[in-house]
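Here's a quick tour for anyone meeting this protein model for the first time. Have a look at it before reading on.

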Amino acid sequence: MNSVLLSIAVAIVLAFLGALVAPFFIDWNSYRGAVEERLSNAFGHQVVISGPLDVQILPFPSLEILDLEIRAEGQRFPILIVPQLNADLALTPILRGRVEVTDLQ
């Protein structure tokens, strides 16, 4: 019985360590196109991200985007320039494959 509980505890600790360390090894900028597409659908305008993306999973899921521009379709100049966008994400929808923003700054 003790070895089963110990195995479960070790698995939980390894899962938390993986969630803490894994974001440092993932190139989040390779997901730039997908993020731009989802934000464009959400805002109803073209979204262009010029800066880097940063994602954290622990202590709570969050997304940081630098140099974001929102443009009207067919327009050369942006209608809104956002130097830094911070979004806090809900954890349970992420586990189901959805992204739900709880706080946007």
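What follows covers the model itself, a surface patch, a pocket and a loop residue.

## About the model

This is a predicted model, where local features need pLDDT of at least 70 and side-chain atom pairs count only at pLDDT 80 or more, while totals for chains, interfaces and linings use all residues. Residues are numbered from 1 along each chain as its sequence is written, and side-chain values use heavy atoms, with hydrogens and water left out.

## A greasy patch

Leu6, Val10, Val13, Leu14, Leu17, Leu20, Val21, Phe24 and Phe25 make a nonpolar surface patch of about 950 Å². Patch members have over 30% relative accessible area and no salt bridge, and nonpolar side chains are joined within 5 Å. A salt bridge is a side-chain nitrogen of Lys or Arg within 4 Å of a carboxyl oxygen of Asp or Glu.

Leucine 6 sits in helix H1 (residues 2-21); helices are DSSP runs of at least four residues, strands of at least two. Leucine 6 counts as exposed because its relative accessibility is 55%, the cut-off being over 50% with a 1.4 Å probe.

## The largest pocket

The largest pocket has a volume of about 810 Å³. Of its 28 lining residues, Val35, Arg38, Leu63, Leu89 and Val99 are the closest to its centre. Lining residues have an atom within 4 Å of a pocket point.

Which helix gives the most to this lining? H2 does, with six residues. By class, the lining has 22 nonpolar, three polar and three charged residues.

## A loop residue

Glutamate 73 lies in the loop between S3 and S4 and counts as exposed, at 60% relative accessibility. Glutamine 46 is 27 residues from glutamate 73 in sequence, yet their C-alpha atoms are 6.3 Å apart.

Conventions: Patch = residues over 30% accessible without salt bridge, like charges linked within 9 Å, V, L, I, M, F, W, Y side chains within 5 Å. Areas by Shrake-Rupley, 256 points an atom, 1.4 Å probe, with all protein chains shown as cover. Buried < 20%, exposed > 50% of the residue type's maximum accessible area, 1.4 Å probe, protein only. 1 Å grid on protein atoms, 1.4 Å probe; cavity = no way out; pocket = protein on both sides within 12 Å on 5 of 7 lines; lining within 4 Å. Points joined across faces, edges and corners; volume = space filled by probe spheres on them. Nonpolar A, V, L, I, M, F, W, Y, C, P; charged D, E, K, R; others polar.
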